Amino acid sequence: MKHWYHPGFWIVLLLVMGIGIFPIISQDAAARESGFSVLLAISMAVSLNIIMGYTGYVSFGHVVFYGLGGYTGMYLIDSLGMSLPVAVIGGGAMSALLAFLLGKAILRLRGAYFALATIGINEAVRTFISNFDPFGGPTGIELQFSVYKVYGGAANALWITYYGVVAIAIFTVIFSYWIKSSKFGLGLMSIREDEDAAEVLGIVTPDAKTRAFMYSAILPGMLGVLFFFKNGNVEPGDAFRLHFSIESLVMIMLGGQGTLLGPVIGALSYQRLRVSLLTSDLSIGPLPLKEFQLVIAGLLMLLIILFIPAGLVGWLRQKFNALRKVLL
Amino acid sequence: MNLVTIITALIDGLLIGVVYGIAAMGLNLIWGVMKVINLAHGALISLGMFGVYLFFNGMGIHPYLSLIIVAALGLLMGIFIYYIAIARVINAPHLSTLLATFSINMIIIGLGTAIFTTTPRDTGFSLGTIEIGPFNILGTRLVAALITILVTALLYAFLYRTNTGKHIRAVSNNRAAAELMGIPSNRILALSFGIGTMLAAIAGALIATFFSFTILSGEVYELKSFIISVLGGLGNPLGALLGGLILGVLEGALPLAMPNTWVPVIEFVLFIIILLIKPSGLLGDRK
C-alpha cells in the first residue's frame, strides 16, 4: 500500500515511539510513570477517535470498555490464575463482545440520543458490577502480592506493564491510520458526513458502525487490564469513572477530531497541562492553583468549542495549505 | 411485610418523585425548545442546594424564602450561560452543545469543589412529621411536593396563557418559521434556557431541605433526570412529571422486594430499553 509512505503517519508514529522509548533508555521510574499516563491517555483518545472522529458518533461511555476489560482481566488473573498476556487479550475480547452486542442496538440512535444511551450504559454496567459477586461487588478485586512474583517482583511487573502500554499505543496509532486510509474508513467518514447518503451509496451502515464501535472498544479493554494490574486492585468507582471518558473527549477536541495526529497532540498537551497545574506553586487567593485543575480544563474546552471547533490540527490544516500534506 | 409499610413506601416515593419530576422538567424544556442536552444540569441542581444552604445557614433567611431568591438567581444564571456558552454553537452539531454545556459543568463543579470541598452539608431544617392515620410523612417532603405542583402549574400558565409562552412554544415547534413571524428567537432561547436552569435550581433547593448533599450530589439527580425525561418523552414537560412519579414509586417500592443496591441497575436498564424501543418516551408521539 502506497499509503504507508505518507509523512503524516510517520510523524505520529515516531512521536509516540519517542515518548515510549525515552523512559526505557533512561530506566527512570518517575519518567516511566509519567510516560505510562501519557501513553494511556493517547491510546484512549486515539481509539475513541475511531467512533467519534471518523464515524461521528459521540460516545460518553468509552470508559465502560476500559472498566469492563480491566475487570475481566483482573478476574482472569485473580480467580483463574491466568497470565497477564492472556488477561490482556481476554479484556480486549470482552470489550469487543460488549461493543458487538450493544452496537446494532444503540447505534440505531443518532446524535444526542446515542450520547445519552452511552452514559446510561456506563452507569448500568457500573451499578451492575457493584452488585456482581464474582467481581467482588462494591469492593472489587484486589490482587495478592504473590501474583507479581511470576513477573520478577512488583518493581519488575511495573516495567512489564509499561512495555505493554508502549506496544498498545504504537499498535493503536498504526491501527487508527490503517482505518483512516482504508476503504472501510472512507465508509465511516461518509457516515459521519451524511448517513442516509452513505447508505444510498451502498455502505451497509449498521455493519460498518458496529465494526467501528468494536475496533474502538478493543483497545481500552486491553489498556484497562494493564492499568488495574499495575494498580493492584479494581473497584467500580475507579473502573467506570464517567469523567475519564470526558477527558478523552476533551483531548480529541483539543487536537482535532477525525485527524490522526490530533488526539495524540491533544492527549499529550492535556496531560502536560494537568501535571503542571498539579505541581504548580501558584495560588489564587487562599486556594492553591491545583484546586482549579477542573475549572481550567473546563474553560479551555469551552474556548476551543466556541472558537476553534476543528481543534489544533484541524485549524492548522485549514490555515496553512502546505501543512495538509504532512499533517494527518 | 404489611400494607402500612408498602403504602408508606409508595407515599414517600410519590413525594420524592414529584421533586425529581421538576428537575427533569428543566432538562426537558431546554431539550424541547432548543434540542440541547444540558450536561450542566446536575451542577446547576447542586448550586440550588448550596444557594439554600448559604441563605439559610449563613444568613438566616427562611428556606422557602431562600427558594424564591435561588429561583431568581437560577433564571439569571441560565440566561448568562446561554449567551456565554451556547448562543455561538446553537446551530452547530450536537457534539458542540453537549461539550459546551459539559465544560460549564466542569467549571461549576471545579469552583464548587475548590470553595466548598466535598464534605457533606446539611441545612438541618425540619418541619417535623405529619401523622395521617398509621402513616408518617415528613413535613419538608410534603411541602416540597406541593411547591413542585404549584411551580408546574405556574409554568403551564406561563407557556399557554402568555404571549412570551406562546413565543417559546412557537420557537420550539419551528425556529425558522417563528423568526419569520418576527419572534426574536435568540432572546426566547435565552429565556428558555434560563427557565430550565431555574427549574433545576428549584429542584436542588427543595432537595436540600430534606437530604444532605455535596457539590457532586447534583450528578445523581442529573442521571435521574435523564431517565425521567426518556420515560416521559424528551421535550415534553408534563411527561417529566409523570416520569418522575414513576421513578419515585419504583424507588419507593423496589427496595421492598430486593436489596437497595439493585435499584439503580433496574433504573438504568429501563432507561436503555426505553431509549431503544421508544425514544420519544411513554407520552411521546410516534415518529
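Where is the place of B:Lys35 in chain B?

## Basis

This is a predicted model: local features need pLDDT of at least 70, side-chain atom pairs count only at pLDDT 80 or more, and totals for chains, interfaces and linings use all residues. Residues are numbered from 1 along each chain as its sequence is written, while chains are lettered from A and ligands numbered from 1 in the order in which they are written.

## Two loop residues

B:Lys35 sits in the loop between α1 (3–34) and α2 (41–59) of chain B. Helices here are DSSP runs (H or I, at least four residues), numbered from the N terminus. B:Lys35 is not a glycine, yet its phi is positive, about 55°. B:Lys35 counts as partly exposed because it has 16 C-beta neighbours inside 10 Å. The scale counts other C-beta atoms within 10 Å, placed from the backbone: 20 or more is buried, 12 or fewer exposed, and in between partly exposed.

In chain A, the loop between α1 (7–26) and α2 (29–54) holds A:Gln27. A:Gln27 also has a positive phi, about 50°, without being a glycine. A:Gln27 has 9 C-beta neighbours inside 10 Å, so it counts as exposed.

## The contact between chains

Chain A brings 35 residues to the contact, and chain B brings 33. Two residues are in contact if their C-beta atoms, placed from the backbone, lie within 7 Å. On the chain B side, α4 (94–116), α9 (218–232) and α11 (263–277) each supply at least two residues. α4(B) gives the most, with 15 residues.

By class, the side of chain B that touches chain A has 26 nonpolar, 6 polar and 1 charged residues. Nonpolar means Ala, Val, Leu, Ile, Met, Phe, Trp, Tyr, Cys and Pro; charged means Asp, Glu, Lys and Arg; the others, Gly among them, are polar.
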